[in-house]
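Please keep the sequence and the model in view while reading.

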Amino acid sequence: MIDLIEVFDRADRGPLISDQDYYMGRFVPKLAKVILRHRIQWDKKTIVNTDDDLADRVFQAAIDLLAETGVYCSDTSRVMEFSRDEILRAVEQAPREARFGEGREAKTMYGRSVDDPSRPWIHIGGGIYTTDEQIYLDTVEGMAAINIVDSLSVPSILHLRGKDARVRSPQELLAAIKTVILAREGIRRSGRSGLPIINGISAAPNAVSMIAAAAPQFGLRITDGFLIDFLAEMIVNYEALEKVAYFNSISANIGSTSTPLFGGYAGGAEGVAVLATCYLIMGTLIYRGSYHYNAPLHQNLRLSSTKPLLWAIGMSNQANARNMRYPTVNLPYLGGGAGSRMYHCEMAAYMLAVVPAGGNIFSGHPAKSVEPDSLLPWDHQFHAEIGLAAAKYTRRDAEPLAQAFYKKYEALLRSPEAGFRYGEVYDLKTKKIVNLEYLRMQEDVREEFRGMGFEVLPS
Amino acid sequence: MEKEEQLDKLRDAMKELERENVVAYTQQALDAGLDPLEIIDLGLLPGLTAVGKQFENEEIFLPELMISAMLFQNAMAILQPRIKAMGVAARKKGVVVMGTVKGDMHYIGKNIVRLLLEISGFEVHDLGVDVDPLKFIRTAREVKADIIALSALLTTTLVGQRDVIEALQGQGVREQFKVMVGGGAVTKRWAEQIGADGYAETAYAAVEMAESFVGSGVKPERRGI
């Protein structure tokens, strides 16, 4: 694989064009061409693809897209171009496993294959905004205490002395450090201090804050995972490349992260499937990731549980699983609020779409990730169990169930059910669930799932 | 050819994004002596409205929206000299100054709103991303904007929306502009908290809100939040 400094150099010497020329002259027409060339078509009905040849064609289309379009660096206005040979070598040398955690919590996340009966990696949580330090600690402790969990995404806490930190401010840097310290403390309180955090660092969008808060004095380790985003679509900037330079220099796990937008430059389901797969390849070639956060999103609804998106997300997992096996978790942006029936049904459809497709488990982000204090550990345990239940299915068997779950929430997508906040469910002193309505809902949903033939066993 | 027939052809060409025909039919209509403002109002804009509906229904996506805006600009390049010669101004629904607030580099959502506003007949001044709060106000005053539209994706950049509203208040010009906010991290609660005039959750809702703000020339009551 070409070395990292050569990758950075490409951002300094590729063709110089405007971003609009990149999109209208390169990205949009090339994406349309590779979709046509490789006959990528969604039938507007299927959620879980069972056509292996189609999955392989999506992968080839992703390679063609990267080779023919390149990646735009917004700081230099240049296109980073890579030859087909360089791309194929990156695919061939992509990691197939990533090691996370310390001591007895040290484990390996694998890139799975399609219809793989092995236990997937279980990742839960989310970088959702939290309003109170006590709720933050209790949320993290509660999630880390779930013994089937392999890694955590920790929420963000952005305020200092009652005020929200502003981006690129010294307060943001301090809030990022505070987030890390609180997260590690919450995990320590659960009795599993070696458990890895793999969304480092949710409270630090800019490079300086992220690198500062990653200092080992505050509790993060190279065996945790550090997320570096691609900007939508196919854009990198110096800030991202600086993070790449730093976290590679300390040999930390890097999670390449992408959020291709349905309805944006990529267009519909076919474009998102190809682009999401392309980002996986870019993750290993440009960011040298150990794992990937795959987070396609509907640009208008701001969730990822629509039918075309479920197909596209599953398809990118299948394309990866059959051709590269880069370890991947998929981020379910769900519409339903925490604890709602809709939220759990969306999660079931999502897990059935991605786990038999070769993805790993990641619990659902409720309420489009905009409702503060909405990470409820009991939900995330249930979602981990839903993921494990989905792992027992092949893609063929998962399809009718995914369709059945989708039907249950389809009509609610534009106006999702509201849910609960932490303080409405948990007693803040005893940390026990005291909201019986919330508990009953989850029990009813579990029973409803069983009635549909999808048994989610309590862990 | 009848006037209606010519305008129908133009509308359909715009709706179907027929690059060459939009320009050709615009020229033909002009050569046939049609009023350029009628060509816009009864040919181009209905076609663009149909494009916007297709976008809303997820039948087409951002690239097609961009093409429609480009076609409209091409047609306007033909019509503008004649409009100018007539000594009238092309009608517009209103003037919007928009951008992604300071510290935030995200632009796709903003670009979609911009295109939908443009094809709905607004004059849009897009300041891009990472925009200084005072630049919004300076530009809005320069171009005599009706609306300032502020986008923010990240929780840490939301404060940039509040900054603009505070700066408007500080300069004593808050009442001159309607302020609408949107973006991934924005909620109705946040919009209320900072005193925005409106919050749009989707791009199409943003257009509807902008239309209501400029409708009938009367400054509307606060809505949408």
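**A guided reading of the two chains**

In chain A, strand S13 (residues 291-294) and S15(A) pair in the parallel sense, and three bridges join them. Within this pairing, Asn294(A) stands opposite Asn330(A) in S15(A). Helix H10 (residues 307-323) of chain A packs on the sheet and touches S13 and S15 of chain A, its direction making about 175° with that of S15(A). The model discussed here is a predicted one.

The two strands belong to an open sheet of four, arranged in the order S9-S11-S13-S15 (chain A) with parallel pairing. Strand S9 (225-229) and strand S15 (328-330) of chain A each have a single partner strand, so one side of each is left without a neighbour in the sheet. From one strand to the next, the twist averages 25°. Another helix, H8 (residues 238-249) of chain A, lies across S9 and strand S11 (253-258) of chain A and runs at about 155° to S9(A).

Elsewhere in chain A there is an antiparallel pairing: strand S3 (residues 97-100) and strand S4 (residues 107-110) of chain A are joined over four bridges. Ala98(A) has Met109(A) as its bridge partner in S4(A). The hairpin that S3(A) and S4(A) form has six residues between the strands, and in it Gly101(A) takes a positive phi near 85°.

Several details of the backbone in chain A also deserve attention. Arg39(A) has a phi near 50°, which is a positive value in a residue other than glycine; Arg39(A) lies in the loop between H2 and helix H3 (52-69) of chain A. A cis peptide bond runs from Ala232(A) to Glu233(A), with omega near -15°, and Glu233(A) is found in the loop between S9 and strand S10 (235-236) of chain A. Gly200(A) and Ile201(A) are likewise joined by a cis peptide bond, for which omega is about 0°. Ile201(A) has its place in the loop between helix H6 (170-189) and helix H7 (207-213) of chain A.

Attention now turns to chain B. Here five strands form an open sheet with parallel pairing, in the order S2-S1-S3-S4-S5 (chain B). Its edge strands are strand S2 (122-126) and strand S5 (198-199) of chain B, each of which pairs on one side only. Strand S3 (residues 147-151) and strand S4 (residues 178-182) of chain B pair in the parallel sense over five bridges, and the partner of Ile148(B) in S4(B) is Val179(B). H5(B) packs on the sheet, where it touches strand S1 (94-100), S2 and S3 of chain B; its direction makes about 150° with that of S2(B). Helix H9 (residues 203-214) of chain B lies across S1, S2, S3, S4 and S5 of chain B, running at about 170° to S4(B).

How do the chains meet? Contact between them involves 33 residues of chain A and 33 residues of chain B. The area buried between chain A and chain B is about 2,600 Å², and carbon and sulfur atoms give 57% of this. On the side of chain A, Arg166(A), Tyr265(A) and Arg302(A) lose the most area to chain B, together 22% of what that side buries.

Residues of both chains also line the largest cavity, including Phe262(A) and His298(A) from chain A and Phe55(B) and Phe61(B) from chain B. About 60 Å³ of space lies in this cavity, and its lining has four nonpolar, four polar and two charged residues.

The second largest pocket, with a volume of about 740 Å³, is lined by 31 residues, of which Val28(A), Phe61(B), Pro63(B), Glu64(B) and Ile67(B) are the closest to its centre. Helix H2 (19-37) and helix H9 (269-285) of chain A, with helix H4 (62-85) and helix H5 (108-119) of chain B, each supply at least two residues of the lining. By class, the lining of this pocket divides into 17 nonpolar, six polar and eight charged residues.

Notes
Residues numbered from 1 in each chain as written. Chains lettered and ligands numbered in written order. Predicted model: local features only at pLDDT ≥ 70, side-chain atom pairs only at ≥ 80, totals over all residues. Heavy atoms only, no water. 1 Å grid on protein atoms, 1.4 Å probe; cavity = no way out; pocket = protein on both sides within 12 Å on 5 of 7 lines; lining within 4 Å. Points joined across faces, edges and corners; volume = space filled by probe spheres on them. Nonpolar A, V, L, I, M, F, W, Y, C, P; charged D, E, K, R; others polar. Pairing = 2+ DSSP bridges. Contact = heavy atoms within 4.5 Å. Axes fitted to C-alpha atoms, helices over the stretch in contact; angles between N-to-C directions. Buried area = accessible area lost by both parts, 1.4 Å probe.
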